[in-house]
Structures are given as structure tokens and as C-alpha cells.
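These notebook entries record what I looked up in one structure. I began with the ligand and then turned to the chain around it.

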Amino acid sequence: MTEDAVIRVQSPIALPEDDLDRSLRPRRLEDFIGQEALKDQLSVSIAAAASRAEPLDHVLLAGPPGLGKTSLAQIVAAELEVPFVPTAGPALERKGDIAAYLTALEPRAVFFVDEIHRLPRALEETFYPAMEDRCLPITVGQGAGARVVTIDLPPFTLIGATTRTGLLSTPLRDRFGIQHRLEHYGAEELARIVRRSARLLDVSIEDEGAIAIAQRSRGTPRVANRLLKRVRDYAEVRGSGVVSAVVAGAALDLLEVDHEGLDRLDREILRTICEKFSGGPVGLSTLSVSVGEEQDTIEDVYEPYLLQRGLIERTPRGRAATRRAFAHLGLEPPGPPSLL
Ligand SMILES: Nc1ncnc2c1ncn2[C@@H]1O[C@H](COP(=O)(O)OP(=O)(O)O)[C@@H](O)[C@H]1O
Ligand SMILES: [Mg+2]
């Protein structure tokens with residue numbers, strides 16, 4: 001095998017949902033850590049809907065992957081004590097797929113459409129009457145004999161999750177009565193999430209160990225859980241099994257997660273903008289080819305955190321590195337542009 005053929009280890013940041021996610025998912029609102037304002041508002045809406053025995057208004061949850069959108073959707077159904085029926089935008093291909101789901105719902109059930117921005121455009125319109133008037137006009141027959149029949153639907157709550165609200169059409173977005181954006185978590189909240197996960201996974205962890213993992217989890221609970229698992233392995237193999245700050249630090253160094261929580265690909269993105277493109281701006285497609293990662297992954301997974309940390313900026317002509325990015329990589333920022 002040549003060196004070129006070595007497969008890159010995929011970064012723990014970009015992996016899709018797995019068993020770990022499912023086993024650690026909070027089940028009730030009280031187990032869901034952080035996002036206090038959002039929880040407050042949701043719990044009022046939930047209590048009001050429950051007391052009126054009405055379905056909750058449709059909910060749109062937006063935010064980068066791993067911040068708790070799927071968990072929250074399940075929690076809403078659990079709190080309302082109604083069934084949770086999940087699907088995803090790309091899985092709905094025809095109008096009939098939607099009709100099959102909607103007509104089979106129990107009254108007040110939660111219908112969860114993950115990645116709702118990836119719903120085919122033509123199908124978005126199917127949701128409009130379903131969301132507004134709880135009905136579904138269907139064309140029966142063909143040609144001159146074709147007629148439209150309207151099917152009544154049970155009352156239900158649509159919960160849509162999306163990493164990019166910008167890709168949703170305005171008419172669809174406007175039909176969600178409740179809209180929330182999940183933000184990256186602070187280190188203190190992430191430390192609580194790490195301690196909770198450690199308890200569930202039966203990992204012995206010191207408070208400082210939880211903080212060390214939290215600080216390097218790029219504000220994302222899913223990343224915190226993944227790192228906890230890898231640090232646990234390290235603690236068992238190289239240490240006494242207890243996750244202390246020292247053990248966590250050593251394990252994360254080995255995983256090439258730096259003190260700002262950036263992994264190898266994050267740094268590669270920064271290095272490419274700083275070194276190859278003199279700080280940018282550089283277009284997303286060029287960047288994607290240069291670092292060998294899909295555009296969507298860069299935009300959904302990597303960029304939000306780099307933006308939030310003030311390491312890159314979005315400009316009309318592409319992504320540009322900030323002075324912080326140069327400093328982080330130990331590079332000299334370019335001087336002011338030459339006037340020649
Ligand atoms: N607020 C939270 N409190 C505790 N754990 C959380 C929280 N948010 C996310 N998690 C953890 O992170 C994992 C990923 O969350 P998930 O809901 O799948 O994110 P998303 O759907 O936004 O990608 C969950 O399995 C859960 O263990
Ligand atoms: Mg999800």
C-alpha cells in the first residue's frame with residue numbers, strides 16, 4: 001500500500017448519529033442541560049397545549065449538528081405524552097410518502113422531519129395545507145377524469161430540524177409557529193453534560209477532567225460525548241481508569257484536539273486559508289477541493305464553530321482568516337495590502 005492510499009481517519013466531529021447518541025440522549029426536559037431560554041419557552045408552550053388537549057404549534061429547530069435538535073424533538077413528544085414519528089427530508093421522495101405518514105398519525109402526535117431543508121422543493125407545498133388546515137388535497141385518476149379529493153388529517157405537530165434555515169423557502173418557514181435556534185454551549189454546561197454522560201457510561205471522572213473535555217468540545221454536546229469515550233479508553237489503557245484533568249489533556253493531545261477544541265481538519269482549513277490563499281477571501285468550492293472535504297460538511301459542521309470563535313469571517317467573496325487564526329497557527333499575519 002502506498003502512502004497515498006492511507007485512508008484518513010474521519011474526524012469525530014463529522015460522524016452522523018450513532019448508538020452512543022441514542023444511549024446518552026436526554027429523555028425529559030429536566031435532563032436537557034443548558035439552552036435555558038429555549039427550554040423555558042418550550043415548556044410554557046407544551047403546558048398550554050397539554051392543558052387545552054390541543055396539538056402543539058409546529059416547531060422549527062435550527063442549529064449546527066450535535067447541539068440537541070433530535071433530542072429536543074423527542075423530548076417534546078415525551079412531555080406531551082404523544083407518539084414520536086421520525087423521518088428525514090431526503091427520505092420523502094413523493095407526495096404519497098408524506099400522505100402515508102400523515103394519515104397514519106395518532107391525534108396530536110409529533111411528526112419529526114430531520115434535515116427538512118433537504119426536502120425536495122416540489123414536496124414543500126404538500127406541507128402547506130397539511131400544516132395550516134390539516135388536510136391533504138390529492139389528485140385521483142388521470143387526464144379528463146382526474147379530480148381532486150381532500151383528505152382530512154388528524155391534528156398533529158410537525159417538528160422540523162435543520163442545520164440551515166437559509167435553505168428553507170419562506171412560505172414553509174413562516175408556517176412554523178414556534179421557531180428556535182440552538183446555540184453552541186458554554187464550557188460549564190458542557191462539563192455538566194460530560195458528567196451526566198460519564199455517570200450513564202459508568203466512567204469515573206474528576207470535575208477537572210470533565211472541564212478539560214468540555215473546554216475542547218467545540219461547544220457541542222455530541223463532540224463532548226465522543227471525546228469522553230475516547231478519553232475513557234485512554235484512561236483505562238494508559239492510566240488508572242479515572243479521568244483526571246491530566247489524563248484528559250494527554251488523551252486529547254493524542255487525538256490532536258487542541259486547546260481551542262480544533263481538530264486536524266479545522267486547522268487544515270485555517271492553514272489553507274492563511275498560507276495557500278494569503279488569508280483569503282477564498283470561495284467555499286475552492287476551499288473544499290484544497291482540504292479534500294465536502295462543501296456541505298465544511299459549511300454545516302466546521303464553519304459555524306470557526307466563525308463563532310472569531311477564527312474566520314464570511315465575506316461576499318468567500319471565507320477569510322482573521323488575525324486570531326494566524327495567531328492560533330503561530331503564523332505572521334500579512335501586512336496591509338500594498339498600494340503598488
Ligand atoms: N442539552 C443537552 N443535554 C444533554 N445531552 C445533550 C444535549 N444536547 C445534546 N446532547 C447529547 O448530544 C447528542 C447529540 O444530540 P442530538 O439531539 O442528536 O443533536 P442534533 O440532532 O442537533 O444533531 C445526544 O445524543 C445527547 O447525548
Ligand atoms: Mg439530529
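**Entry 1: the ligand shell.** I first asked which domains line the ligand. Domain 1 (35-181) and domain 2 (187-254) each contribute at least three residues to the shell around ligand 1. I note at once that the model is predicted. I then looked up the helices that take part: helix H1 (19-24), helix H3 (69-80) and helix H9 (221-238) each give at least two residues to the shell around ligand 1. By residue class, I found nine nonpolar, five polar and four charged residues in the shell around ligand 1.

Entry 2: Which of the 18 residues around ligand 1 come nearest? I recorded Asp21, Arg25, Ile33, Gly66 and Ser71. For three of these I looked up backbone distances to the ligand. At Asp21, a backbone N or O atom is 2.6 Å from an oxygen atom of ligand 1. At Gly66, a backbone N or O atom is 2.7 Å from an oxygen atom of ligand 1. At Ile33, the backbone N or O atom lies 2.7 Å from a nitrogen atom of ligand 1. I next asked how much of the surface of ligand 1 the protein buries. Ligand 1 taken alone exposes 560 Å², and the protein buries 98% of that.

**Entry 3: the chain as a whole.** I moved on to the overall layout. The chain is divided into domain 1 (35-181), domain 2 (187-254) and domain 3 (264-328). I noted 28 Å between the C-alpha centres of domain 2 and domain 3. The secondary structure comprises 14 helices and nine strands. Along the principal axes, the C-alpha atoms fill a box of roughly 70 × 60 × 45 Å. Of the 340 residues in the chain, 49% are buried. I also looked up the accessible surface of the chain, which comes to about 17100 Å², with 49% of it belonging to carbon and sulfur atoms. Among contacts with a separation of 6 or more, 71% are between residues 24 or more positions apart.

Entry 4: Leu255 counts as partly exposed because its relative accessible area is 24%, which falls between the 20% and 50% cut-offs. Beyond its neighbours within four places in sequence, Leu255 is in contact with Leu227 and Arg230. The C-alpha atoms of Leu255 and Leu227 are separated by 8.9 Å, although the two residues are 28 residues apart along the chain.

Glu256 is placed in the loop between H10 and H11. I recorded a positive phi of about 65 degrees for Glu256, which is not a glycine. Its relative accessibility of 34% makes Glu256 partly exposed.

Is Glu260 buried or exposed? Glu260 sits in the loop between helix H10 (245-254) and helix H11 (264-276). I list Glu260 as buried because its relative accessible area is 7%, and the limit for buried is under 20%. Setting aside residues up to four places away in sequence, Glu260 touches Tyr305, Arg309, Arg324 and His328. With His328 there is also a polar contact of 3.4 Å, side chain to side chain.

**Entry 5: Ser244.** I found Ser244 in the loop between H9 and H10. Ser244 is buried, since its relative accessibility is 15%. I then asked which backbone nitrogen the side chain of Ser244 reaches. Not counting residues up to four places away in sequence, Ser244 touches Glu206 and Gly209.

**Entry 6: backbone geometry.** Last, I looked up two further backbone features. Arg218 has a positive phi near 45 degrees and is a residue other than glycine. Arg218 is located in the loop between helix H8 (207-215) and H9. I count Arg218 as buried because its relative accessibility is 2%.

Where is the cis peptide bond with omega of about 5 degrees? I found that it joins Gly280 and Pro281. Pro281 has its place in the loop between H11 and helix H12 (284-291).

Technical notes:
Residues numbered from 1 in each chain as written. Chains lettered and ligands numbered in written order. Predicted model: local features only at pLDDT ≥ 70, side-chain atom pairs only at ≥ 80, totals over all residues. Heavy atoms only, no water. Near = heavy atom within 4 Å. Polar contact = N/O pair within 3.5 Å; in protein donor to acceptor, adjacent residues only side chain to side chain. Areas by Shrake-Rupley, 256 points an atom, 1.4 Å probe, with all protein chains shown as cover. Helix = DSSP H or I, 4+ residues; strand = E, 2+ residues; numbered from the N terminus. Nonpolar A, V, L, I, M, F, W, Y, C, P; charged D, E, K, R; others polar. Domains from an automatic or database assignment. Buried < 20%, exposed > 50% of the residue type's maximum accessible area, 1.4 Å probe, protein only. Contact = heavy atoms within 4.5 Å.
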